[in-house]
Amino acid sequence: MSSGTAGAAAGQAPVGVGAAVSEHEHVPPPPGYAPSVAPRPDPVAAVPWGVRVAAEVAWRLLILAASLWVLMRMISAVQLVVLAFVAALLITALLQPTVALLRRHGVPRGLATAMTFISGFVVMGLVCWFVVWQVTENLDDLTENVQHGITELKHWLLNSPFHVTEDQINNIADNLSKAIGTNTKDITSAGIEGVTVILEVLTGILLAMFSTLFLLYDGPKIWGWLLKLFPAAARDGVAGAGPRAWATLTAYVRGTVIVALIDAIFIGIGLFFLDVPMAVPLAVFIFLFAFIPLVGAVVSGALAVVVALVTRDMFTATMVLAVVLAVQQIEGHVLQPFILGRAVRVHPLAVVLSVAAGSLIAGIGGAVVAVPLVAVTNAVVGYLRAYARENALRTAAGEPSPEAAGQDVPAGSSGPPGEGRV
C-alpha cells in the first residue's frame, strides 16, 4: 500500500480509536449539517430556585415533624404525669401569690407554703364534696322530675305540628331499650374501665398535690436548676422569657378564676329565682367548666337548660337560656378584656384550634391546658424575638451587652425568678 493510500486510510479511521490516530494527524471537524450539542448545565443550576427553596424547607419540616411525633409519643406514654404536673403549675399560679403575701408579712417560707397548700386543697376538696352531696341528695327528686319531664315532652310531641304519633314514640323507646340490652357487655366493660379511670384520677391528684407543694416551696431553686440545662449562649434569653411566661400564666389563671366565679354566681342566681332544681350544683359545674374555653361555657349552659326543660317547662328553659346567653355576652365583651387584659390575649381562631387539638391529644385535660399553653408560648416567642432584635442592634452599634459590660441586668431579664415567681 502506498503512503498516500495509508494516509487516507488513517484519515478515515474512527475518531474514538485513540491508538490508530497519531497526535500529529489532523482530525476533521464535524460536517456543517450536524446539530450542535450544547454543554450540559450544572444539575444544581438546572433546578429552579423556587423548587430548591421548597425542597430545603420540606426536609427541615420533615425533621421537625418527626421530632414532634417522637415528642408526642413520649408525652402520651407518660400522659398522666404530664397532665398532673401541668395541673400543679396551674394550681401553683393560683396559690403562689398567697405565699408571697405571707412572706412579705414575715411568715417563714415553710409555714407560708404549708398554710397556703393546706387551705387551698381543703377548699377544693370541700367544693367537690359539696357538689357530690348536693347531687346525691337531689338524685331521687331529679329522677322523678326527669320522668315527669319525659312524659310532658311526650304529650307535647303528640300535640305538636311535627305529626309525631304515639307508635313512633313507643318504637323509639323500644329501640333504646333493645340497644341498652344488647350492649350490656359493653356497659359492664365500661364500668370496669371506669374503676381504672378512678384509680388513675386519684394517682394524678396525688402527683399534682406533691408537685404543687414542691413548686410552692422550692420554685426559685427549681427555676435556677432548669436554667443550667440550657446552653450558656441561650441562657440569658431563657432567663428573661421565664418570668414573662410565669406572669402570663398567673394572669390567665387569676382572670379565669374570677370570670368563672362571676359566671357561676350570676347564672346560679338566675337558676335559683327561676326555681330550677339543683341550682347550686349547676352553678358549681358552670364554674368548673369555665376553665375549658368556649366549649365549657356551651356545655355547662346546655346542661342548665336541659335540667330546666326536663324538670320545669319550656318557658323556664327559655328563660334559663336567656340568662346564660346574657351572662356569656357580658363575659366575652366586658369581663375577659377587662380582667385578662393584653397579657393573655389570644386570637379566637387560635383558641378554637388549640382547644380542639388539646382535646384530641389528651381529652378534657388537654382542652383545659391548651389555651394557657398557647398564651405562654406567645409571650415567650414575643420576648425572645424582641431580645434577639435588641442584641442585633447592640452588636451593630458596637455596644457590649449588659452582662459583658458588668452592668445590672433589668429585673426579670436574667437570673432565676425571685419572690413572686416560680
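Biologist: How are α5 and α10 oriented to each other: roughly parallel, roughly antiparallel, roughly perpendicular or oblique?

Modeller: Happy to walk you through that one, and please keep in mind that this is a predicted model. The general idea is that a pair of packed helices is described by the angle between the axes and by the distance between them. Here, helix α5 (residues 109-137) and helix α10 (residues 279-289) cross at roughly 140 degrees, and their axes come within 9 Å. Roughly antiparallel needs an angle over 145 degrees, so α5 and α10 count as oblique to each other. The crossing of these two helices, α5 and α10, is left-handed.

Biologist: Which residues make the contact between α5 and α10?

Modeller: On the α5 side, look for V127, F130, V131, Q134 and V135; on the α10 side, V280, P281, V284 and F285. Sorted by class, the contact of α5 with α10 has eight nonpolar residues, one polar residue and no charged ones.

Biologist: Let me try another pair. What angle do α11 and α12 make, and how far apart are their axes?

Modeller: Helix α11 (residues 295-311) packs against helix α12 (residues 314-339) at an angle of about 160 degrees, and the axes are 7 Å apart. An angle over 145 degrees falls in the antiparallel class, so α11 and α12 are roughly antiparallel to each other. As for handedness, α11 passes α12 in a right-handed crossing.

Biologist: Which residues of α11 and α12 meet?

Modeller: From α11 come A297, V298, G301, A304, V305, A308 and L309, and they meet M314, T316, A317, V320, L321, V324 and Q328 of α12. By class, the contact of α11 with α12 has 11 nonpolar, three polar and no charged residues.

Biologist: Which helix supplies the largest share of the lining of the largest cavity?

Modeller: That is α11, with four residues. Helices that each supply at least two residues of this lining are α9 (232-273), α11 and α12. The lining of the largest cavity has five nonpolar, four polar and two charged residues.

Biologist: And the pockets? How much space lies in the largest pocket?

Modeller: About 2,000 Å³. The largest pocket is lined by 43 residues, and those closest to its centre are A87, I91, M124, C128 and L288. Helix α5 gives the most to this lining, with 10 residues. At least two residues each come from α4 (79-104), α5, α8 (184-227), α9, α10 and α13 (348-396). By class, the lining of the largest pocket has 35 nonpolar, seven polar and one charged residues.

Biologist: Which helix gives the most to the lining of the second largest pocket?

Modeller: There it is α13, with 15 residues. The second largest pocket holds about 1,200 Å³ of space. Its lining has 40 residues, and F85, V86, L89, L373 and V376 are the closest to its centre. Helices α3 (49-77), α4, α8, α9 and α13 each supply at least two lining residues of the second largest pocket. Its lining has 32 nonpolar, eight polar and no charged residues.

Notes
Residues are numbered from 1 along each chain as its sequence is written. This is a predicted model: local features need pLDDT of at least 70, side-chain atom pairs count only at pLDDT 80 or more; totals for chains, interfaces and linings use all residues. Side-chain values use heavy atoms; hydrogens and water are left out. Axes are lines fitted to C-alpha atoms, for helices over the stretch in contact, and angles run from 0 to 180 degrees between N-to-C directions. Angles under 35 degrees count as roughly parallel, over 145 as roughly antiparallel, 65 to 115 as roughly perpendicular and the rest as oblique. A crossing is left-handed if the near helix is turned anticlockwise from the far one by less than a right angle, and right-handed if clockwise. Contact means heavy atoms within 4.5 Å. Ala, Val, Leu, Ile, Met, Phe, Trp, Tyr, Cys and Pro count as nonpolar, Asp, Glu, Lys and Arg as charged, and the others, Gly among them, as polar. On a 1 Å grid over the protein atoms alone, a cavity is a set of points where a 1.4 Å probe fits but cannot get out, and a pocket is an open set with protein on both sides within 12 Å along at least five of seven lines; lining residues have an atom within 4 Å of a point. Grid points are joined across faces, edges and corners, and a volume is the space filled by probe spheres set on the points.
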